[in-house]
Amino acid sequence: MVIAFDAKRIFNNFTGLGNYSRTLVKNLSELYPDNQYHLYTPKINNKEEPAWFLNNRQFTIHTPKQRLKGLWRTFFISGELKNDKPDIYHGLSHELPVGIKTAGVKSVVTIHDLIFRQYPETYPFFDRMVYNAKFRYACQQADKVVAISKSTKTDIVHFYNIDPSRIEVIYQSCNPIYFSLQTEDNLAIVKRKYALPDDYILYVGSIEERKNLKSVLHGLAGLPVDLKLPLVVVGKGKSYKQECLQLAEKLGISGQIYWFTNLQSNSDLQAFYQAARVMVYPSLFEGFGLPVAEALLSNTPVITSGISSLPEAGGPATLYVDPKNVEEIKNSIIKVLTDSEMVRKMKAEGRRYAINNFSPEVVTRQMMDVYSNLVS
């Protein structure tokens, strides 16, 4: 089978959408090496993350020959697909090129979330209009829509009136490193490297209003003195981070918070998870909730919101809270810090759930089944 991908995110995005794209395509090439893989990208960023694709003979990389490189991905790829004749073209992040139906290939699009529809006030008007047009077109034109959670599938049906039978739910896989735990010696090295405290509560994610870090700060401030552990925050932020800094000062907990924006590797991030007593993630809305899955695989108990897709990411062994109820968040932290038997079950059952649902073998096989069914 010849499978083509919109590879813009593979080569130029180094957060969520890029990680999803690189992980999926790499897993496909390793588990199904007999296929041919074509990557279409308007440009190539020579960072470390995409280097693996540049140096691998399994991939044929296509870049624009004309000057209007910014328009190539949207308006000209369909013409190239007519000549290249792949069996499948997969838009990995919400988009398909104009005219895809005329290209003579079956098409798939992955929709990660519709946050701009759920929380329109967090996006500029023009961005919302562009996203809405692109997402709607892709969902209408694709032979199969892949939603990364049941929650996202529900939103696609609701906002775009897409037939549910055309939508397949395939969860996001995690970086393969998370499926093996690090040794205690490795954890000690990373903790020294970043001067981490011995015990801490962890938050991982963008520092923006939707992620709801303020509720974690309020919960931390309300803990009994003997349980008031430091909070380690891993993520970038702008105006909302400034609001969080001001709130921490007001609550008198500034000295308990460790802020990190750029870790040196995924391996270091895994160590941050694995060394934490608990990961707290009271997001208001997620397309999937990757930090929850990563924490479970790292043998770390998780407290997260019982809404949107997060129960799908967290499974039955996670503690769920109302993200706007600070008292619930505080009490859940207390439970984890004081109930060792509960924590033992959360760790074992949480890791088992994540392996069974998010392993590369499971997720990649499901995606290949979508491709095979379309071609056959």
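User: Which strands does helix 2 lie across, and at about what angle does helix 2 run to strand 2?

Analyst: In this predicted model, helix 2 lies across strand 1, strand 2, strand 3, strand 4 (88-91) and strand 5 (106-111), and its direction makes about 160° with that of strand 2. Helix 7 (residues 150-160) also packs on the sheet, where it touches strand 5, strand 6 (144-147) and strand 7, running at about 165° to strand 7.

User: In what order do the strands of the sheet stand, and how are they paired?

Analyst: Two strands count as paired if at least two bridges are found between them. Here seven strands make an open sheet with parallel pairing, in the order 3-2-1-4-5-6-7. Strand 3 (59-62) and strand 7 (167-169) are at the edges with a single partner strand each, so one side of each has no neighbour in the sheet. From one strand to the next the twist averages 25°. As one case of pairing, strand 1 (residues 2-6) and strand 2 (residues 36-40) run parallel and are joined by five bridges, with Val2 opposite Gln36 in strand 2.

User: Which element supplies the largest share of the lining of the largest cavity?

Analyst: A cavity is a space where a 1.4 Å probe fits but cannot get out. The largest cavity here, with a volume of about 50 Å³, takes the largest share of its lining, four residues, from helix 2, while helix 16 (360-375) supplies at least two. Its lining, which includes Tyr20, Asn27 and Thr364, divides into four nonpolar, five polar and no charged residues.

User: What lines the second largest cavity?

Analyst: The second largest cavity, of about 40 Å³, is lined by Asp6, Arg73, Thr74, Tyr89, Glu95, Leu96 and Pro97, of which three are nonpolar, one is polar and three are charged.

Conventions: Residues are numbered from 1 along each chain as its sequence is written. This is a predicted model: local features need pLDDT of at least 70, side-chain atom pairs count only at pLDDT 80 or more; totals for chains, interfaces and linings use all residues. Side-chain values use heavy atoms; hydrogens and water are left out. On a 1 Å grid over the protein atoms alone, a cavity is a set of points where a 1.4 Å probe fits but cannot get out, and a pocket is an open set with protein on both sides within 12 Å along at least five of seven lines; lining residues have an atom within 4 Å of a point. Grid points are joined across faces, edges and corners, and a volume is the space filled by probe spheres set on the points. Ala, Val, Leu, Ile, Met, Phe, Trp, Tyr, Cys and Pro count as nonpolar, Asp, Glu, Lys and Arg as charged, and the others, Gly among them, as polar. Axes are lines fitted to C-alpha atoms, for helices over the stretch in contact, and angles run from 0 to 180 degrees between N-to-C directions. Contact means heavy atoms within 4.5 Å.
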